[in-house]
Structures are given as C-alpha cells and as structure tokens.
Number of protein chains: 2
Amino acid sequence: MHRSIKGGKVAQKVKLSTIAESLGLSTATISLALRDSPLVAADTREKIKEQARTLGYIYNRRAASLRTSRSGIIGVVVHDIMNPFYGEILKAIESELDRSRHTFILSNHYDSVDKQRNFIETLLQLGGDGVIMSPAIGTPVEDIRLAEDNGMPAILIARQMEGLDVPTYRGDDSYGISLATNHLIGLGHRTIAMIGGTDQTSTGRDRYQGYVNALRKAGIEVDPELRIPGPRTKQGGFEAAVHFLSLPQKPTAAVCWNDLVAIGLMNGIARAGLVPGRDISVTGYDDLEEASIATPSLTTVWNGQAEVGRLAARALLDKLAGSHEPDGIHLIKPEMRIRQSTGPIHIR
Amino acid sequence: MHRSIKGGKVAQKVKLSTIAESLGLSTATISLALRDSPLVAADTREKIKEQARTLGYIYNRRAASLRTSRSGIIGVVVHDIMNPFYGEILKAIESELDRSRHTFILSNHYDSVDKQRNFIETLLQLGGDGVIMSPAIGTPVEDIRLAEDNGMPAILIARQMEGLDVPTYRGDDSYGISLATNHLIGLGHRTIAMIGGTDQTSTGRDRYQGYVNALRKAGIEVDPELRIPGPRTKQGGFEAAVHFLSLPQKPTAAVCWNDLVAIGLMNGIARAGLVPGRDISVTGYDDLEEASIATPSLTTVWNGQAEVGRLAARALLDKLAGSHEPDGIHLIKPEMRIRQSTGPIHIR
C-alpha cells in the first residue's frame, strides 16, 4: 500500500489485516468501511477510519499496476482561494504546473484541520504526486507526515510549521512590516495602530513582532491597546474603522495586516468623513493588483506572492524529478511600495 | 469502459481495439499512449489521444471492480475562481457538497476550451461523479456530451449553451440589467454608457440586450458609441474610466457589466477629480459583499449567485440520487439594491 520515499526512508507497511486485528473485525468489513460502503454501520465506519488514520493506512483507489507511475495530479490547499493573496500565489503555481502538464486540484480548508486532512486523504487515494499547502491553524505535524510517509511530498507556502523539515516558501513578514512601520515613523507618526491578523499563525506573530521591533528601535513605547487583532478581510477592516477611530490615543496612522484590511479600513474612514492618506495614513501588506487602483492608491509592502507560488511549484517539480531542493524555510525579501494612502502626520 | 446513463441512453462502447484499428496501430501502443508513456513518440501520442477523443473513449484509471461505486468526487470548473462572483457561487456549492460528504475539486479554464476539456478528462479518469461548470467561451456541445455519455452528469451555471439539454442555473441577465438601466432613467439620466462584458457569452449578449430594451422602452435612442465592451475586472473598469470620461456625448451615468468593473470605474472617476455618485452615477451587477462597503457604496443588482450555487449543487446531488431535476434553464430573478453611487442627473 505504501511507496518508498526518496532519501532512503521507507514508510511502515500497514495492511488491512493490521487494522482488522487491532479492532477485532474482519478484513472484509475494514475494506468495505474504507470504501464508505453503507453495508457497514456509520459509527463502525468512523471508528475504522479513525484507526486507519492512526495507523497511517492509506487506501489507494488506483489499480496496483498503476502505482509506480505518476498520476500527474498535484493538490493545492489554502485557507481561502477567494483571498486574492492566495489567488496570486495560485496563478503562479498554476502557470508553472501547466507548463509541465500537471493537473492542479484545489481546495479551501478555511483553517479547519479536518477539512485539510480530508483533502490530503482524497489526494492520496487519487494517487496525487504532491501537495502544496498553506497549513491550517493547528495542523498537527502528523498530518503532513501522512502525506510524506505515503510518498506524496509536501511543500508549505505562506505559513511555516515547527518541527517539520519540508521546503517552506514565504515572505519575510517581520522585516516587511518593519518597512511599513518605519515609513510611517519617517513621516512623523508616533501613535500608530496595528490592525488585523492573529497570533495563531506564524505570519501573524511575525508581523506583530516586526511592528513592535520597529517602534522600539525608534524609541516609541509600545501600547498594546493600539493593536486591533482579528480582521483579515475588507469587511473586517471596514468594521474595525469604528474601533480604530474611537481609540482614546487618537492614532494618526494604521499599519494593516494586509491590503484587504487596509482598503476596508480606508472605506470605513471615508464613511466617517475623514480622508485616508491625509487625515489618517494607512499601509497595506501584499501589494495586490488592487492596491494601485484603490482610492487613495495604497502604500503597501510587496510580499512576493507570485515568487512564492513559482518557487513552491518549482521545488515540488524538482523533488518529483528526483533533484532535491534544500528543505527548510526560504524567505522572500519584501519591498516597500509608496503611494497616496500615507503622508506626513496630520493632527485631528 | 462506459457506464450507462440514467434515462435509458447507453453510451457507445469504444474499445482500445477500435482506436487501434482506426489508426493501424497495436492496442499496446494505444494503451501506452493513453497512459502518457514516453515509450510512444510525443506526436503519435497526441494523434492517438485526438482519435480517442473523437471516438469518445475514456481511459478509466480506477480498477474495474470499483467502477460501480461512486468516487464521491465532484468537479467544478469556471472561468476564474478568483473572481468573487464565482467565489460566492463556489462557497454555496462547497457548503452544499460538504454536507453530503463529497469531495469538491476545482479548476479555472480562463475561457480556454482545451484547459476545460483537460479537466473533464481528468475528472473522468478519476471516476468523478459529476461536474458543475460555467462553460468556456466556444465550448463545443461534444465536450459536455463527453462527460454525460460517460455517466458523469454536468450542470451548467452562469452561462447557458445552445443545443444542450442539461440543467442550467443562472440569473435573468436581461431583466436584471433593465432594472439598473430603469433606475438611472428614473433619476433623469438620458446619456447612459454601458461598460464591460462581451458578446461572446450568453450573459454578455443578454445584458447588452436588457440595456438596449430599457432605453428603447423609455424612448431613448441607442447610441452604439456609448458601449465600451471588454472590461470584466476592477483593473479593466479603472482603465475604461479614461475612455468613458472622454466620450464626446458626455454620459452622466454608466451601467457596468459587474461590481468589479463598477468599483474600478469609480476609482478611475475619482482619480480624475470627479465624485462618483454625484458627478457620475454608476451601477454594478452581482451585489458582491464588497459592493456595500465601497466608497461610495455601490448601487447594484443582486444576481443570486449563492442561490445559483446552492441550486446547481442540489440538482447534481438529486441527479446522483436518481431523482431527476428537470433539465433546461432555471432563471434566478435579480433584485435592485439602491445605494450611494447613483443620484439625480448632474450636468458636468
């Protein structure tokens, strides 16, 4: 049932009978349950699947005779493909994989570990060649190993995971956000809020840390009340405007988690009768296509998402071709894009 | 190789040997070529695949013993999943399919018939249960029949196709755009441009016709120079602003192809120093989440995309369960959403 992996490791061979014995059931029952047959009661099926997962068994639907050949299928799973940040990564992956005539199948996990695991399992059942993923919050290391140990290499994008040695491509978030914060400090801003993101992802922790470091370096005291965590979308940024504008410290600028939050916040600020870029300076993060056509055009940090996608796809293709890209974290260096949403401090 | 289809039709059985005889090659060569083996020269492989496609042969990678069971895989292919219009449809499909524990795999065709066919073929090879698609511009009827004749029912969304009798779910575009046009006429506008869309899709033709009909009904002469076809994105709408603002007829309002074009156009109008919603009235189409938080908030037409997704997924699941949803076109009735981007005529 298992394929050996490059690098000499061979996955432990788990047979149907191993699962059957461990549960005191027949191999026929196990086999039916793993095919989701209604002949096995629903809760027994669940128990069997749970046990199969624990033991690391993967039921491969493809005929045994085909198992040595590649299916040409590569899976990609991210938080939400509707987020243009991932969209721009996906376009780059797609164009790289198209060229090598791979089929590219996509899924959202919406930060549900279960949905993500379900996708990995489906991909293994389809005989997927590899998976590129931005891991869901709380992903256990075992879920990535499940793929790797079954001969399906994983490449991580955007978010990294501790205790794993797979190639990971992401922007240097701490450095990138310090560029935005320093830009605002250079314009005379001292009371700078940070809006959006969460400590539950490496990206969220790194960006907050980059903001904190930049303030400290400039001798500005860090006020935790100036952080409004949570928003990651335009709607979220729009709603945060009320909270932001009512802060007693009266911040003159906002470093936003991403361009979506920044554009939403600017819309919220405008709705309140203030002029973003003049009354309040706002920075985004990612430099989405939309950033340059927003009103005002958005000062932001280019985050290299097309590079992340291209390099991740290349790394996977190289791995499948037998030449190993070094494991570990590959950081893309962000760059500042200065536009009209930031300006010299303007006291309200 | 083929499964029979509900409704009594049975697909013609095409064997490897049929292809082999028709090309004067051995069945072994055909078999290798269809598995993409490098043992067969690239151009021979292409010729064989072309012939297999013409004859309607599908190579099913799943073992024969599994062919009677369902794979649980449903494919969805649209122009561009990054377009939030499709995104909102996809979310509704996903939530419907999740409930029935189907795996949902996605692809973009970017209006490439080849990319779309490739996806349908992959899906057939994986034993997909069904496909939901917004057909690429120029899709031949045979490509949908390829799916149907191999026991994989297709449901169309957003765009319809002539000469096909598969269930199709879309908004009533002609009616919807007439709502927007009538709203502007009611505000006193007489010189109304239409921006975006293409005559190559049913949606594009229907929306233009709805605009023309509304003008005629109000006794306003239709000026073809007031149509700026093409844009479908924010960037497109933004760039069209220059053309729009330089029209000698000096339109006071614009009916846009969709919300993205409208938001882009409003940004372009603002960049030129005019105030959208006051100097120029702008309507969108779709009522994306973003429409209500745009500056100014966007007057638009709710297009029922979540309904389209939900109904299409339900129709497919019902079909797979054996109960037939009537074929043919199911129209969702659009509704007007009046916000701040439109106002009484304002002569520049």
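In chain B, B:Ile157 lies opposite B:Tyr169 of strand β5(B). Strand β5 (residues 168–171) of chain B and β4(B) run parallel and are joined by 2 bridges; strands are DSSP runs of E with at least two residues, helices are runs of H or I with at least four, and both are numbered from the N terminus. Two strands count as paired if DSSP finds at least two bridges between them.

The model is predicted, with local features requiring pLDDT of at least 70 and side-chain atom pairs pLDDT 80 or more, while totals for chains, interfaces and linings use all residues. Residues are numbered from 1 along each chain as its sequence is written, chains are lettered from A and ligands numbered from 1 in the order written, and side-chain values use heavy atoms, without hydrogens and water.

Strand β4 (residues 154–157) of chain B is covered on both faces: B:Ala154 and B:Leu156 are buried on one side, B:Ile155 and B:Ile157 on the other. Buried here means under 20% relative accessible area, exposed over 50%, and partly exposed in between (1.4 Å probe, protein chains only). Strand β3 (residues 130–133) of chain B also pairs with β4(B), in the parallel sense over 3 bridges, and B:Ile132 faces B:Ile155 across this pairing. From β3(B) the chain reaches β4(B) through helix α6 (residues 141–149) of chain B, in a right-handed β-α-β crossover, that is, clockwise from the first strand over the helix to the second with the strands pointing away from the viewer.

Helix α6(B) itself has several buried residues, among them B:Val141, B:Ile144 and B:Leu146. Its buried residues pack against α5 (113–125), β3, β4 and α11 (305–320) of chain B, with contact meaning heavy atoms within 4.5 Å. Just after α6(B), B:Gly151 adopts a positive phi of about 80°.
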